[in-house]
Amino acid sequence: MHVMNYPLFFTTIAITGILSACNQTGTTNKEAEKDTTAAAVTEKTYLSQPLVTNIYTADPSAHVFNGRIYVYPSHDTATGIPEDDLGSHFDMQDYHILSMDSVGAKVTDHGTALKITDVPWASRQLWAPDAAFANNKYYLYFPAKDSKGVFHIGVATSSKPEGPFTAAKTPIKGSYSIDPCVFRDDDGKYYMYFGGIWGGQLQRWNNNQYDSTKANRAGDEQAVLPRVARLTPDMMSFAEPVKEIKLLNEKGELYKEKDNSQRFFEAAWMHKYIGKYYFSYSTGDTHNLCYAIGESPYGPFTYKGVILKPVEGWTSHHSIIEQNGKWYLFYHDVQLSGKTFLRNVKVTELHYNPDGSIQTIDPAGKQ
Ligand code: FUB
């Protein structure tokens, strides 16, 4: 168990080079002025600080359980797998759950909650998880590759929000791809949103059938759509066949693959605000976290804008929660390591405009 304080302030680092603006005799010259300019360009600022520094964490799915904030992140580790476009270097072995009374309070790392070696069907890559509470139990939903290298989504249960969790013997029947987000609607029904293209393999699933030869879509082809399925009351299975979610641009049209600053890539999240359904997601290769609004948990959802501009690092992933009347965005970047596969989770306040639109956040803390 590890506890640390969470300071919320702007940090400025990387003043590297300023000292070298003075030459060795202590005088300045034209070359030194150039160095100073270079230093200003490399300066990095951060809107908020990592929630923990004892381990690398990513993909934070936050929930308020019993009045306390629990964060279900991926646990990034360096296992030496080379980087590739399929994300093989995201080679996570277990999950740790974090918790805090409120944003800004001390953060507790509860230690190992589930290990890949304790998941009978999983072979590798415990990617972005989510959690839910129902039937007096806590459910952890997580993607992993099976023995054939195909991603599915598993479920594990615990009597405590921080685990330890016990995994079901098989993945959820009919599940595939990555990044589950489990949402409870006001009528008590639960839905799982999921999917991710490229390394997340969603492009290989059409009409819920797997075809390993299906490549990423070409620019003028329709973009791959995220997926949703309602869960059974016992929270262990899908209550219906998986459906595609229609994600529409501001003209009401489906996206093409080339619309990659707005089309879906991965990292789905669902929340409700003043009676509307907010579906948010990452655009992956253009690194935006966007949102789209709809009238039903199944969509369609119409694009509204960017929640978070690109963070430092390749991936972007998030969750949105309310606690005590304030809304928060949990997200990650690579501030601690500078490496795309060794990330750290963060949180910042999120603000709505009176019309329900979300104010765009700059992770560098600039206006
Ligand atoms: O952490 C592995 C993958 O990176 C996640 O599943 C994606 O959302 C991206 O953050």
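Ala 267 is buried, with a relative accessible area of 0%, where buried means under 20% relative accessible area and exposed over 50%, with partly exposed in between, for a 1.4 Å probe and protein chains only. Although Ala 267 is not a glycine, it has a positive phi of about 65 degrees, and its place is in strand E19, residues 266–273; strands (E, at least two residues) are DSSP runs, as are helices (H or I, at least four residues), and they are numbered from the N terminus.

This is a predicted model, in which local features need pLDDT of at least 70 and side-chain atom pairs count only at pLDDT 80 or more, while totals for chains, interfaces and linings use all residues. Residues are numbered from 1 along each chain as its sequence is written, and side-chain values use heavy atoms, with hydrogens and water left out.

Asn 66 also has a positive phi, of about 55 degrees, although it is not a glycine. Asn 66 is exposed, with a relative accessible area of 66%, and it is found in the loop between strand E4 (56–65) and strand E5 (68–76).

Another loop, between strand E16 (227–230) and strand E17 (243–244), holds Thr 232, which is buried with a relative accessible area of 17%. The side chains of Thr 232 and Asp 234 are joined by a polar contact of 2.6 Å, that is, a pair of N or O atoms within 3.5 Å, of which, within protein, one must be able to donate a hydrogen and the other to accept it, and residues adjacent in sequence count only if both atoms are side-chain atoms.

|---|---|---|
| Gly 163 to Pro 164 | about 5 degrees | between strand E10 (151–158) and strand E11 (166–167) |
| Gly 299 to Pro 300 | near 0 degrees | between strand E21 (289–294) and strand E22 (301–308) |

A polar side-chain atom of Asp 59 lies 2.5 Å from an oxygen atom of the ligand, a polar side-chain atom of Asp 179 lies 2.5 Å from a ligand oxygen atom, and for His 317 the corresponding distance is 2.7 Å. Of the 270 Å² of accessible area that the ligand has on its own, the protein covers 99%, with areas taken from the Shrake-Rupley method and a 1.4 Å probe.
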